[in-house]
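Q: I have a structure open and want to go through a few side chains. Can we start with the rings and then move on?

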Amino acid sequence: MQNTSTSFQTLSEILSQPEAWQDALDELARQHGALRAFYEQHQPDHLIFLGCGSPYFLARAGASLSRGLTGILSEAHPGSDVWLFQDQTLVVSRSTIMVVISRSGETTEILRAIDTFKAQGGKAVAAVTCYDESTLARTIPLTLLAKAGQEVGLAQTRSFTSMLILTQGLINAFANRELSPRYLQLPQLGRALIEQYADFARQFGSTLDQRFERVFFLGGGALYGLACEAMLKMKEMSLSLAEAYQTMEFRHGPMSMVNPQTLIVALVSETASTAETQVLTEMRQRGATVLAVTPVALPASAADEQIVLPAGLTDAERGPLYLPILHLAIYYHTVAKGLNPDLPNNLTAVIELNEDHANKAQLS
């Protein structure tokens with residue numbers, strides 16, 4: 001395949017996120033009654049959000065959002081921890097519901113974690129996936145489908161933000177909250193944002209390798225999960241050194257790595273923008289270059305470049321908008337390095353363990 005910026009499926013998947021978001025919103029409208037009925041039937045006082053890889057970072061964001069919107073004790077775990085370390089992860093004496101997030105719906109750790117949860121007395125499971133013929137969708141009655149989020153590329157972009165919307169909708173339904181009119185405009189807002197910043201993403205991403213030795217992704221609250229996901233895309237697609245931290249925690253050790261060859265990508269919240277701006281200002285003073293994805297314009301002292309998100313949304317709503325421009329920048333960075341963004345090194349679309357692997361893992 002010729003290595004040009006337009007010859008990979010991943011690019012079309014990044015650019016088509018707004019259309020996939022509309023499909024996800026339509027799915028939420030269809031499933032709203034089922035979500036409320038599920039909640040009323042089970043009356044949970046404990047939620048476990050579960051995923052592997054990118055969906056685990058989505059689960060982390062979901063647990064944070066859930067605690068804020070529902071007031072229900074909510075936590076996130078990777079599927080392998082629930083399966084292999086159940087004594088350290090599973091407390092199901094309460095009225096516990098598990099929310100499972102998986103692009104393929106076939107990941108072995110996820111399916112075994114569900115079995116473990118049920119064996120320990122877990123009450124019920126809801127699922128978010130992209131494939132209606134998957135084991136997950138066929139075995140979990142309440143499944144939200146992001147069918148337009150399906151991808152050819154191995155790195156999750158369109159699927160991640162589509163499943164994020166479904167997870168946000170599920171949480172709002174559990175909280176008995178209607179999605180706001182502005183939130184329902186996410187497809188239009190996302191399309192306009194991509195049009196506004198596509199050229200910037202191409203130019204910025206194409207020169208990253210020439211300017212920076214390391215990249216730090218920062219975010220607080222639910223945005224930490226999204227910062228981790230952006231970090232994972234940087235590693236997977238471009239094979240670049242990247243780390244993710246909570247914004248305020250960055251001062252507590254990691255900033256020792258900051259120098260003029262450091263790029264900091266900050267996912268800024270509206271709630272904590274004053275405190276986060278101070279961190280970014282200090283890092284710029286120490287030589288870092290700062291790219292901020294932010295709902296509020298920051299002073300020039302805090303950011304070298306800014307992607308300003310549309311107004312009128314809350315911190316709990318705007319999550320999907322943080323990622324498409326970062327996806328684009330990472331895509332162009334990958335192509336500039338001569339790599340194939342559709343086929344990241346050493347990766348497969350689904351992690352499936354055969355019985356020998358599973359038994360060995362269970363014994364270890």
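Q: Are F216 and F250 buried or exposed?

A: Both F216 and F250 are buried. Keep in mind that this is a predicted model.

Q: How many aromatic pairs does the structure hold?

A: There are 8 aromatic pairs in the structure. One of them is formed by F216 and F250, and this pair is edge-to-face. The ring centres of F216 and F250 are 5.0 Å apart, with 65° between the planes.

Q: Why does 65° count as edge-to-face?

A: Because planes over 60 degrees apart count as edge-to-face, and the planes of F216 and F250 are at 65°.

Q: Where in the chain are F216 and F250?

A: F216 is in strand β6, residues 214–219. F250 is in the loop between β7 (242–245) and β8 (262–267). The two are 34 residues apart, and the pair links distant parts of the chain.

Q: Which residues form an aromatic cluster?

A: F38, Y39 and F174 form one aromatic cluster.

Q: New topic: holes. How many cavities of 30 Å³ or more are there?

A: The structure holds 1 cavity of that volume, 30 Å³ or more.

Q: How much space lies in the largest cavity?

A: The largest cavity has about 60 Å³ of space.

Q: What lines the largest cavity?

A: The lining is made up of F204, L208, F217, M234, L263, V265, L291, L326, A329 and I330. By class, 10 of the lining residues are nonpolar, with no polar and no charged residues.

Q: Which element gives the most to that lining?

A: Helix α13 gives the most, with 3 residues. Both β8 and α13 (324–336) supply at least two residues each.

Q: Switching to cysteines. How many disulfides does the structure hold?

A: The count is 0 disulfides.

Q: What is a disulfide again?

A: A disulfide is a covalent bond between the sulfur atoms of two cysteines.

Q: How accessible are C52 and C228?

A: C52 is partly exposed, with a relative accessible area of 21%. C228 counts as buried, at 3% relative accessibility.

Definitions and conventions:
Residues are numbered from 1 along each chain as its sequence is written. This is a predicted model: local features need pLDDT of at least 70, side-chain atom pairs count only at pLDDT 80 or more; totals for chains, interfaces and linings use all residues. Side-chain values use heavy atoms; hydrogens and water are left out. Rings of Phe, Tyr and Trp (its six-membered ring) pair if their centres lie within 6.5 Å; planes under 30 degrees apart count as stacked, over 60 as edge-to-face and the rest as tilted. Helices (H or I, at least four residues) and strands (E, at least two) are DSSP runs, numbered from the N terminus. Buried means under 20% relative accessible area, exposed over 50%, partly exposed in between (1.4 Å probe, protein chains only). On a 1 Å grid over the protein atoms alone, a cavity is a set of points where a 1.4 Å probe fits but cannot get out, and a pocket is an open set with protein on both sides within 12 Å along at least five of seven lines; lining residues have an atom within 4 Å of a point. Grid points are joined across faces, edges and corners, and a volume is the space filled by probe spheres set on the points. Ala, Val, Leu, Ile, Met, Phe, Trp, Tyr, Cys and Pro count as nonpolar, Asp, Glu, Lys and Arg as charged, and the others, Gly among them, as polar. A disulfide is a pair of cysteine sulfur atoms within 2.5 Å.
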